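Please give a short briefing on this structure. Group the points by topic and state the cut-offs behind each term.

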Amino acid sequence: MIAAAAIGLCLAGAFFFLAGTVGLLRFPDAMSRIHALTKADNLGLGLIALALMLTSQSLAEMLKILLIWLVALAASSTICFLLGRSMQRRSQSPSGGDAQPLVRYRH
Amino acid sequence: MLSLAFDLLLAGALLLVSWRLLQASDLFQATVLFISFGLFLALAWVRLQAPDIALAEAAVGAGLAGVLLIGTFKRIEPQSRQNHDANDDVQPPGACRLDQAAACPGRFHYGMAGGCAGMLTLLLALAVMDLPRQGTGLTEIVADNLEMVGVDHPVTAVLLAFRLYDTWLELGVLLLALIGVFGVRGAQDLRSLPAHPVDAPVLRGLVLLLGPLTVLVTVHLLWLGDHAPGGAFQAGVVLAAGLVLFRLVGLPSVDRLPRVTLVCLVVLGFATILLLAVATTLLSIYHPLEYPPLWSKTMILTLEAAATVSIGVTLAALVILVLVVDEEP
């Protein structure tokens with residue numbers, strides 16, 4: 001019963017990952033790509049983490065998986081914010097444009 | 001059946017990514033492909049039931065090397081981009097773009113590099129062919145002597161007791177790498193580098209949240225090395241990541257350390273093993289680098305803790321030296 005639920009959650013998680021990846025490949029600009037990745041992948045990761053928590057052996061293991069999900073959530077939303085802000089600043093700057101590489105650490 | 005399919009997919013992905021990596025004309029694309037290659041390789045190590053190597057590969061091979069490559073890319077990209085804009089059609093794709101000032105390697109250099117790589121592959125293939133077909137290698141000897149060492153995890157026993165010499169030299173290599181990068185950068189000190197903290201309260205909040213967590217995971221990984229995959233290198237990489245994050249948002253990190261303290265922390269791991277080597281050689285009851293059996297576990301933990309601090313500080317200093325860009329003229 002628990003195993004069936006875990007498999008179902010895993011499959012649902014994989015579906016959201018797939019949707020996020022399709023969004024990354026198909027969406028036209030960087031902003032909507034980030035949108036697709038951060039929303040869909042975090043949900044997918046959460047569902048898979050939930051499936052692993054259901055099948056985990058101990059409470060400690062369960063809490064560790066939960067912690068991993070929470071840290072991934074915090075990190076990915078922060079990165080999303082930083083990328084979005086960097087892109088917004090670049091579109092406002094006169095020399096900006098899509099020609100520059102995505103990587104930029106200095107502002 | 002399912003695992004065979006997974007293995008085949010993984011092997012195919014590894015080959016595909018490495019082929020694309022070699023074919024990529026864009027350096028940034030090649031860097032990203034290199035990172036994903038490292039992650040696939042880590043998965044392959046998991047499938048080969050070598051979680052220690054998988055952890056090290058993911059942390060060092062994909063993470064750290066990836067960051068260093070991106071830093072190097074960032075350093076050389078603006079020049080080649082300007083040149084690219086200036087003469088758009090002159091530069092064919094795949095042409096040497098590494099450093100316009102240096103002479104581009106010619107066909108002769110590529111031929112020589114290819115020849116050397118071929119020879120190395122041949123030697124490796126011969127070495128693999130030379131292995132006994134049926135055999136467990138040194139696994140049984142390690143398992144038999146494990147209780148002498150006082151740790152439960154065979155990999156830690158090999159790295160920190162049976163082949164401590166190798167680990168010692170690895171720490172030495174790390175030290176040399178840092179000295180080399182300091183030399184190339186011409187930097188005296190991390191404090192003299194320009195600091196451009198990212199002014200994002202959100203990032204600062206995240207780093208402040210992750211800070212204690214980083215310390216916790218470092219200590220956990222260090223302690224885990226006793227009985228499970230983990231240990232000094234993995235813990236050191238986590239520590240380094242935390243230190244680099246702190247530096248990025250302008251919080252106190254390795255760059256605030258006085259020069260003497262920095263050097264002390266960097267050589268701590270190497271020096272501790274050197275001390276052990278000198279002590280055991282002079283005491284002459286033991287072989288060089290042999291632990292007294294009673295103290296074995298304590299000494300391994302001490303050495304691992306010292307190595308973790310050294311590895312963490314050294315790697316963080318390396319990344320900061322490579323990532324920080326000097327003021328543009």
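Predicted model: local features only at pLDDT ≥ 70, side-chain atom pairs only at ≥ 80, totals over all residues.

Residues are numbered from 1 along each chain as its sequence is written, chains are lettered from A and ligands numbered from 1 in the order in which they are written, and side-chain values use heavy atoms, with hydrogens and water left out.

**Chain A overall**
- Chain A has 3 helices and 0 strands; helices (H or I, at least four residues) and strands (E, at least two) are DSSP runs, numbered from the N terminus.
- Its pattern along the sequence is α-α-α.
- Chain A holds 107 residues, and 26% of them are buried. Buried means under 20% relative accessible area, exposed over 50%, and partly exposed in between (1.4 Å probe, protein chains only).
- Of the contacts in chain A between residues at least 6 apart in sequence, 58% join residues at least 24 apart. A contact means heavy atoms within 4.5 Å.
- The accessible surface of chain A is about 6,900 Å², with 74% belonging to carbon and sulfur atoms. Areas come from the Shrake-Rupley method with a 1.4 Å probe; for residues, only the protein chains shown count as cover.

**Chain B overall**
- Chain B comes to 11 helices and 0 strands.
- Read along the sequence, the pattern of chain B is α-α-α-α-α-α-α-α-α-α-α.
- Chain B has 329 residues, 36% of which count as buried.
- Among contacts in chain B with a separation of 6 or more, 71% are between residues 24 or more positions apart.
- About 19,500 Å² of chain B is accessible surface, and carbon and sulfur atoms account for 72% of that.

- A:Ser56 sits in the loop between helix 2 (30–55) and helix 3 of chain A.
- A:Ser56 counts as buried, because its relative accessibility is 13%.
- A polar atom of the A:Ser56 side chain lies 2.8 Å from the backbone oxygen of A:Met53.
- Leaving out residues up to four places away in sequence, A:Ser56 touches A:Glu61 and A:Met62.
- A:Ser32 belongs to helix 2 of chain A. Its relative accessibility is 22%, so A:Ser32 counts as partly exposed.
- A:Ser32 and A:Gly84 are 52 residues apart along the chain, and their C-alpha atoms are separated by 9.9 Å.

**Nonpolar patch**
- A:Leu59, A:Leu63, A:Leu66 and A:Leu70 make a nonpolar surface patch of about 360 Å².
- Patches are made of residues with over 30% relative accessible area and no salt bridge; like charges are joined within 9 Å, nonpolar side chains (Val, Leu, Ile, Met, Phe, Trp, Tyr) within 5 Å. A salt bridge is a side-chain nitrogen of Lys or Arg within 4 Å of a carboxyl oxygen of Asp or Glu.
- A:Leu66 is in helix 3 (residues 59–92) of chain A.
- A:Leu66 is partly exposed, with a relative accessible area of 30%.

**Aromatic pairs**
- The whole structure holds 4 aromatic pairs over all chains.
- One of them joins A:Phe15 and A:Phe16: the pair is edge-to-face, 5.5 Å centre to centre, with 70° between the planes.
- Rings of Phe, Tyr and Trp (its six-membered ring) pair if their centres lie within 6.5 Å; planes under 30 degrees apart count as stacked, over 60 as edge-to-face and the rest as tilted.
- A:Phe15 is exposed at 53% relative accessibility, while A:Phe16 is partly exposed at 26%.
- In chain B, ring pairs link B:Tyr165, B:Trp168 and B:Phe270 into a cluster.

Note on methods. Polar contact = N/O pair within 3.5 Å; in protein donor to acceptor, adjacent residues only side chain to side chain.
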